[in-house]
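Morning, everyone. Let me put the model on the screen, and then I'll walk through it chain by chain.

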Amino acid sequence: MPVHLTVNGRAETLDLDLRTTLLAGLRDGLGLTGTKEGCDRGECGACTVLVNGRPALACLMLAVSAEGQTITTIEGLAADGSLHAVQQAFVDHDALQCGFCTPGQIMAAVGCIEAGKAGSTAEIREWMSGNLCRCAAYPQIVAAVAAAANVGR
Amino acid sequence: MHPFEYRKVASAAEAIAQSADRRDAIYLAGGTEVVNWLKDGIVTPSLLIDLSACEFDRVSLDAETLSIGGLARMATVAADPAVQQIAPAITQAIEASASPAIRQMATIAGNLLQRTRCPYFLGARHSALGTRPSALGTRPASAERRVPSAEPCNRRVAGSGCGVVAGDQVGAAILGASPGCVATHPSDLAVVLAVLEAELVVQGEAGRRILGVEALYPVTADPAVENTLLRGELITAVRVPVGRAAGRARYLKIRRRASFDFALVAAAGYWLVEDGVVADVRLGFGGVAARPWRARTAEAHLIGRQPTAESVARAVAAELANAVFLPGNRYKADLLAAAATKLLLDPPGLP
Amino acid sequence: MSQSSRREFLRVAAAAGGGLVLAISLPGCGPRAGGGKGPAVDPIDPGVFVRINPDNTIAITIAKSEMGQGVRTSLAMIVAEELDADWNQVRVEQASFAPKYGEMGTGGSSSVSSNWKRLREAGAALKGMLVAAAAKDWNVDPKDCRTENSFVIHQASDRRTHYGALAAKAAGMPLPKTVVLKPKADWKLLGKDRHGVDVGDIIHGKAIFGLDLKIPGMLYAAIERTSVFGGTVKSVDSARALAVPGVKQVVELPAVGDGINIHAGVAVVATNTWAALQGRRQLAVTWNPGPRAAESSEAYQAFMTAAVARTGDETVNKQGDPDAVLAKATKVVSSTFETPFLSHATMEPMNCTAQVTGDQVEVWSPTQFPDWGAQALAQALKTDIKNVQVHVSLMGGGFGRRINPDFTVEAALLSQKINQPVKVVWTREDDLRHDFYRPCSTHRIEASLGADGFPEAWRHRISTPSIDVFYGPKPAAGWGPNESDGSANMSYRVPNRSCEYTLLESGVPRGWWRAVSTTHGMFAVESMIDELAEAAGRDPYEYRMALIDNVWWQQPPDSKDFPFKAERLKGVLKMAADKAGWGKTMPAGHGMGISCGFDHLGYAAEVFEVSVINNRLRVHRVVVAADSGPVLNPNGARAQLEGGITQGLSAAMKERITIAGGAVKERNFDGYQILRINEAPAQIEVHFVETDTHPTGFGEPGLPPVAAALTNAIYRATGKRVRSLPIGLRMV
């Protein structure tokens, strides 16, 4: 079944089994492997993308439900080659170790800041709690999100 | 995942019409429940009706009613100024639910229609914390069948038995259970809505009807009945009466993890003290039954009493007079009393 | 300043296009001692390359695997420092398996310590040649030249040339006979914070992990493995699986033992991941449960509890006569400590892409040990190791799980059977239920105190399923030393002490989980020493300081060249206590706990500050002091310590693998819970004691002291001793 999406500003058509998740559609169908699969149950947050600007877990969304919607993945976050404030903050604060959860962390952080939930360390810790990091770069992630939120202000 | 047809609809009426001739159609809203059910084979519909394009997702307020669309996203509702002002416990309950990412996707109606997290229902999705290895460990694993159906669960396979009896009892119900099922309902929001005496606007083939939130759930746990909606019916809105209860009620959830966990127990409510005694009170419990549990016995017990921890403890004990405990969930009695005491005497601050 | 004249491991050559290549052979190259089974290689076949290109970029080959620990960054920094390279021009290239690279295995916090000397000398030698080339050009004395940021500079004549322009000429220069290595005071790159070299790719989603790899013509496979360890396939009905669109083939894969340890399974091969997973759901497999199907965590615990109540099957070591002293003692303190099986739970589940054509084997694997992988591939696919190529991708975490070659070999065996390239994808459920687990354990320590309050006798009995036993035939005894690392070799002075070990037979696969045996041994020892301090009425910090000694009459296996130094352990303990404000008054319900230890050649001491209020456990502050010698990349070292501590905390508070019916019960992160960001300590303060010595690693030493520091703090907050892990965030 064909699904039409705008992904990172480009119109894309995916022909897939309608049981396919958005995650599988992005990774296998479009080769956008920046979005990671860590649990396929909405537990780890590694597959977080933006759907119409809101964070969504791509593993809990059928690709077909995203018909006609606008998806932003980690690959499309840096507009015109310049880093998004959250990406820059993750670099500045070394907010990653192995980097596997990082795309999901960054997309969740974008959502957290846009929802106005990055006002304090406690708030950031709560609002980023859907994203697991086994390497535990947690202190740096909190610092990066706080810094990026300040840039936006 | 079994094959299914998929249709996206633009209105409740269209959704109902689509489901009319398909007995096993199910609705898809936020997806955070249904997509996992599909993956796990908990549901095997022949038709999936996607509601995401429907517009009953707004929050509105008039003098008497705060109205929340069934398709409103949990995060949107929690952040809504009207909700925070009129019924802050709704925001508290939502923000205690799942994770921020899930709340961005999940809908209000979907939250009320969640299915139990009982490990046996989910195919022995075993909770590693606070539990001792279950007696299942000694069951001979002869000719193991494929995993999801390996654990007994009357809710999953009628007549297969209940794994909790000899197994993991930490989450099991203490009130309103039936011999065949001790599942608890996982919704935090439902507990608050029961205390606020909210109504559901339900639409179906036969038209529109109004249902009290408590009436959505069977009185006694029945493994064959998840809820009292008729086939094809949709919750299009939740209506919360504006007033003292909505304004004063608070929600307190006790769980093992700081986030992304279901309640061991939860309490919602408030009291009003006049002349040194309780003049008005509402109290509801979560994590104790297959439904949100309005603690009317406890409420009656508290009226006219001094607002003390002792009064609360006695009231909770009265509410639990008919409770049935298993060895693994006895802790809930004390924890519930502690939660109710904290809720009423030292209510959690607002976000 | 150190000098070296051993240049036999270096070779230099002109590179195509006008550059220069310096090749370095690394430790572990050459024929294996004692005629071991490893491949014999030319002892001077050089492995690591430093290539200076005419455009002034410098490419450094890294033959260690990157899993987030920053090895690609730190090893490159070592070369670049001595080379005086412009860090912005340094590029890192990942080595694929080849015998010439020597020990490629990445683990044991050993990458820096084992490469430190040679990489420095290589950088210095290369710099010497570049200087020689420039000096010859300018007709000046090389001694009058200096180097900086990839330039050779002759101050007197104000001339400077960049390395790229000198490379071709330098290739013709002789290798310096001796090199002078920089003293620490002159370091420009080392000792300063650096971002990881892969960060740029990662934040754009461009970094390619194993799961992201794609090779032409590749198929995808999901494998249904026996959930009961040791189970075998009785029958498969694949009709419905084959009916799933995209599914090409269903292939039965028998179990492989021989130290590789692949479970019996049924692979569903498809044109995409989704179809493979759907097809797998449609399989109807009937299993023979095998001999392990009745095993359970409860039965294991019953065995271990009984085992530590009697004399162990094996005496690991003994000094004095602890049995006699304990028998006569008027007061014996005895405590039993329990820890569960743990999973590595890397964020990226296992996976591997393989292409087998005839006797040629090529894999792309997120493996920590490409060398073991290559040997295992040759063994299992019955081909010569010369025909085996192992390419190493970035890894979404390792923590020891990716040491094992199972996932690599399994993919290759499948590719061989279907005669096509294939990527085997593991789901989270596959990964959690088919790990090589940190063994469960039970420790019982009995001790008596002398008149001075210090321990007179200490008898430590351990029962675990041994890691090593899982990989080979079981002799009568001899497993104790490895399993009791952190226990038998604990560093407190006790005149009469012993350590006994009893093997628990178990079908659960065991492996190397970050810091390995010390993760449970140190929990027992550091808890017990706290209990003894309490019994003696002493402060637990002072008590430790008084007892730490060079009593290592049995060194841990990896410490031959780096013997334990009591002063270094005392040094970190003192720093941690000082920085934490040890001894200060705490509010009600709050408490501080302390713990320390030596693990993987690193010293660490930790102070935890916790509160337990209304049964709710919170960790407010963690102070760690660590000494692994000079800190090369403070950024990376801090991250490793914080990561290790948080993983240790996650295990102590939340993690448990439960065995029931011979299988793992937990399936995903809902059941196997790892610490989330809002549960992790908001503050981990890292302090370094930089003893001037050969540097070692930080990846592991921070982890083992965690559990005891935490439970000791809980004791001070509540008066309750926690001796069984995990604790739970809510103490019921």
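Of the 153 residues in chain A, 69% are buried. Buried here means 20 or more other C-beta atoms within 10 Å of a residue's own, exposed means 12 or fewer, and partly exposed is in between, with C-beta atoms placed from the backbone. This is a predicted model: local features need pLDDT of at least 70, side-chain atom pairs count only at pLDDT 80 or more, and totals for chains, interfaces and linings use all residues. Residues are numbered from 1 along each chain as its sequence is written, while chains are lettered from A and ligands numbered from 1 in the order in which they are written.

Stay with chain A. It has five helices and five strands. Those are DSSP runs, numbered from the N terminus: H or I of at least four residues for helices, E of at least two for strands. The order along the sequence is β-β-α-β-β-β-α-α-α-α. The radius of gyration is 15 Å, close to the 15 Å of the globule rule for 153 residues, so chain A is as compact as a globular protein of that length. That radius is taken over C-alpha atoms, and the rule is 2.2 Å times the number of residues to the power 0.38. The C-alpha trace spans about 45 × 30 × 25 Å along its principal axes.

Now one helix, α2(A), residues 85-92. Which of its residues are buried? Val86(A), Gln87(A), Ala89(A) and Phe90(A). They sit on the same side of α2(A), because they cover an arc of only 165° around the axis. The arc is that of the directions from the helix axis to the C-beta atoms. Just after α2(A), Asp94(A) has a positive phi of about 50°.

Next, the contact with chain C. 42 residues of chain C touch 44 residues of chain A. Contact means C-beta atoms, placed from the backbone, within 7 Å. On the chain C side, α16(C) gives the largest share, six residues.

Last, chain B. Strands β6(B), residues 199-204, and β7(B) run antiparallel, joined by six bridges. Pairing takes at least two DSSP bridges between two strands. The two strands form a hairpin with two residues between them. Glu199(B) stands opposite Gly212(B).

Technical notes. Two residues are in contact if their C-beta atoms, placed from the backbone, lie within 7 Å.
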